[in-house]
Amino acid sequence: MANGVTEKENPYLAHLAPKKRGSPSTSTVKEPLYGFLPRRVTADQVRGALEGDVNPFTKQPHSASYKKILEARKKLPVYAQMAEFYKVFTENQVVVMVGETGNCSRRKFRIPQFVAYSDLPHTKGKMIACTQPRRVAAMSVAKRVADEMDVQLGKQVGYSIRFEDMTEHGTTFLKYMTDGMLLREAMNDPDLTRYSTIILDEAHERTLATDILMGLLKGVAKKRPDLKLIVMSATLDAVKFQKYFGISGRGEDGKPAPAPLFLVPGRTHSVEVFYTQEPEPDYVEAAIRTVLMIHRAEDPGDVLLFLTGEEEIEDACRKIRLEADDLTNQDPDSVGPLVCIPLYSTLPPAQQQRIFDPAPSPRKEGGPPGRKVVIATNIAETSLTIDGIVYVVDPGFSKQKVYNPRIRVESLLVSPISKASAQQRAGRAGRTRPGKCFRLYTEKDFMNELEEQTHPEILRSNLANTVLELVKLGIKDLVKFDYVDAPAPETLMRALELLNYLAALDDDGNLTPLGGIMAEFPLDPQMAKMLIVSPEFKCSNEILTIVAMLSVPNVWLRPNNQRKEADAAKQLLTVPDGDHLTLLNVYNNYMQNIHDKNWAWTNYLSARALTQADNVRAQLQRTMERFEIDLISTQDQRTFYTNIRQALVCGFFMQVAHKEGEKGNYLTVKDNQVVGLHPSCGLETQPEWVIFNEFVLTTRPYIRTVTDVRPEWLLEYAGNYFDLASFPDGETKRALQRVLNKKLGKAAGRVDNEKNGSGSDERVKKKQKKNKS
DNA sequence: GAGCACTGC
């Protein structure tokens with residue numbers, strides 16, 4: 001075999017190899033575990049390279065700044081662990097690596113570099129991938145590592161994220177990327193043959209993409225003895241990953257031996273944790289009280305308070321500011337000034353930056369010091385770190401996505417956080433010096449009520465997209481796929497069912513040619529489907545725009561003090577037949593005014609979201625061109641909107657609602673959920689049949705982004721789904737039956753049909769008349 | 001007459 005690797009030497013291969021009768025079991029083999037490519041570089045050699053005068057990658061002399069960075073690096077504990085790292089890395093195919101929280105940054109900078117140096121003489125032409133759950137991290141870490149290695153970003157060290165590929169083919173050998181990006185690459189190269197080592201960072205976050213990658217890579221590692229895998233995680237999950245990547249037949253009694261663990265010690269400061277004596281009935285009120293108490297009684301240091309959402313945060317900010325003002329008025333000499341800064345993702349970036357402002361100065365020299373209070377969502381738990389936080393207030397809640405496969409609805413629920421999450425939050429207090437964490441729940445509740453880990457995303461999501469990806473990756477049996485945590489069978493069934501109705505999978509669950517193309521689009525399957533069929537309706541240009549607009553955050557702005565103005569501006573752009581058409585109209589108007597920087601703002605639209613939509617549109621257009629899907633628009637004004645609405649039906653026929661009674665209630669078809677039109681909906685009337693983009697569960701169930709459709713289209717373009725025989729009895733079925741009867745009647749009397757079926761759209765006509773007058 | 005936890009392709 002290549003590289004002199006025999007199957008026996010690789011337990012993963014041995015596991016796959018047919019067992020010979022009477023041959024000794026692999027568990028008795030005592031020689032070194034793996035016989036991979038000879039990566040026997042020693043720590044001394046690497047130190048020599050690091051400290052030498054010439055950069056081994058560029059063959060250029062090391063720069064002065066490099067030498068300065070190197071001196072600092074030499075003091076880090078990881079540097080001292082180099083020899084230990086190379087030993088475990090050389091001897092094992094899979095290593096689970098653990099660093100205390102707060103230490104992760106060092107880990108993600110150094111370990112990939114160590115691998116890079118070890119690979120230098122051996123794996124020419126193959127790359128090292130290091131995945132991150134977030135784009136910003138992939139970008140910034142790559143930048144810093146390029147600096148540390150004294151190479152140019154985008155050359156030997158690069159990154160690859162959506163819309164931005166900073167790598168050079170043939171030159172880049174260390175590539176930081178988002179986990180989703182690596183998963184995309186895997187769809188066209190399931191064995192990831194371009195890579196010699198794959199490092200999954202932040203594995204404990206258990207994003208959907210990381211979870212799928214872990215399942216995939218476990219299989220690939222068995223097939224590819226030359227592939228090395230490093231799973232990096234926070235302490236708590238390590239054992240789970242060690243077991244998951246365990247080596248068959250190596251442990252006691254022939255059981256799997258856990259994958260080896262490599263520990264990188266942490267460097268965080270101690271955090272003292274306080275609990276309440278009794279449970280708090282109102283956590284927002286308790287949180288406000290705690291923040292004010294800290295402000296009055298504790299030493300200087302900034303405060304981070306975790307709340308669940310925008311409304312809660314803005315409310316708390318207001319109340320804390322009021323109370324702080326009261327304190328100041330009572331006795332300006334006893335308390336310092338306090339600033340309260342909200343932080344959540346939908347805040348414009350400039351306002352997010354405020355969290356890095358220094359705390360306010362004392363009112364007068366020698367007076368009590370000022371304090372900064374940041375009130376944040378979970379964004380401060382993972383995505384953004386704020387240095388200088390000394391006090392954390394943790395009410396123990398966050399909004400979490402949950403998926404109900406029975407009614408096919410994803411919603412956000414305020415739920416108790418996990419122990420792991422609580423520890424992560426507490427850790428935010430100890431980044432610069434010893435800190436304190438005030439938990440607004442009892443110690444008993446922490447011990448007994450909180451789950452160990454937050455449920456991984458794969459257990460809380462609609463998996464339609466994921467299942468299509470898995471099938472595209474060549475996974476034959478989705479139920480038997482080796483998940484780290486297997487999703488509920490019902491969730492998989494729902495996904496398979498949807499993909500089958502969309503004709504992405506055939507009745508045996510095999511990928512159809514259409515499904516293969518759908519998987520190439522970074523879109524939900526419904527949207528991919530309608531985009532692909534849209535040329536048949538002569539509106540692919542328009543559907544492309546609508547899909548792009550649906551893929552970005554809400555474009556409508558509605559500032560609290562200008563709601564009326566915002567609503568009026570929206571009204572001017574509204575198309576009465578449906579919100580999807582309104583989105584198209586908004587985009588087209590935006591493009592016509594692209595050079596007017598104030599256009600978005602004066603129309604109460606988010607310029608950021610619109611730019612993003614434009615990016616997404618361009619990317620999708622490239623994918624369409626790759627598959628030769630025509631970009632066309634009809635010139636016929638009479639059918640312009642009708643065609644678009646028909647194409648929408650081809651993707652979203654499973655998200656149809658039927659009007660019931662006169663109260664404006666709708667029933668979702670087949671699931672029979674009573675829903676209302678969301679107040680943001682711009683429909684002029686309440687049509688009998690509508691398709692909707694999402695079902696949201698807030699004060700009551702709503703359908704949002706809604707468009708008027710005709711029932712005969714449902715029967716025509718989704719006949720399989722609207723098979724009346726399988727329909728539950730009820731008003732919806734009877735209404736469809738009437739349409740069907742009428743249609744059959746019409747088909748019988750052709751002349752009649754010719755006369756009425758001119759294809760014109762009554763509402764469009766009406767509107768054109770209106771516009772003319 | 002509502003609201004948008006957070007990511008990602």
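Reader: Which ring does the charged end of K228 sit over, and how far is it from the centre?

Author: This is a predicted model, where local features need pLDDT of at least 70 and side-chain atom pairs count only at pLDDT 80 or more. Residues are numbered from 1 along each chain as its sequence is written. A charge sits over a ring if NZ of Lys or CZ of Arg is within 6 Å of the ring centre and within 35 degrees of the ring normal. For K228 the ring is that of F89, and the distance to its centre is 4.9 Å.

Reader: And which aromatic cluster has F89 in it?

Author: Rings of Phe, Tyr and Trp (its six-membered ring) pair if their centres lie within 6.5 Å; planes under 30 degrees apart are stacked, over 60 edge-to-face, the rest tilted. One cluster holds F89 along with F85, Y86, F114 and F262.

Reader: How do the rings of Y587 and Y590 pair: stacked, edge-to-face or tilted?

Author: Both tyrosines, Y587 and Y590, lie in helix α23 (residues 579-592), three residues apart; helices here are DSSP runs (H or I, at least four residues). Their centres are 6.4 Å apart and the planes make 55°, so the pair is tilted.

Reader: Is Y587 buried or exposed?

Author: Buried means under 20% relative accessible area, exposed over 50%, partly exposed in between (1.4 Å probe, protein chains only). Y587 has a relative accessible area of 5%, so this residue is buried.

Reader: What joins the side chains of K472 and E520?

Author: K472 is found in helix α17 (residues 464-472). Its contacts (heavy atoms within 4.5 Å) include L511, A519 and E520. The side chains of K472 and E520 are joined by a polar contact of 3.1 Å.

Methods
Chains are lettered from A and ligands numbered from 1 in the order in which they are written. Side-chain values use heavy atoms; hydrogens and water are left out. Helices (H or I, at least four residues) and strands (E, at least two) are DSSP runs, numbered from the N terminus. A polar contact is a pair of N or O atoms within 3.5 Å; within protein, one must be able to donate a hydrogen and the other to accept it, and residues adjacent in sequence count only if both atoms are side-chain atoms. Lists of a residue's contacts leave out its neighbours within four places in sequence.
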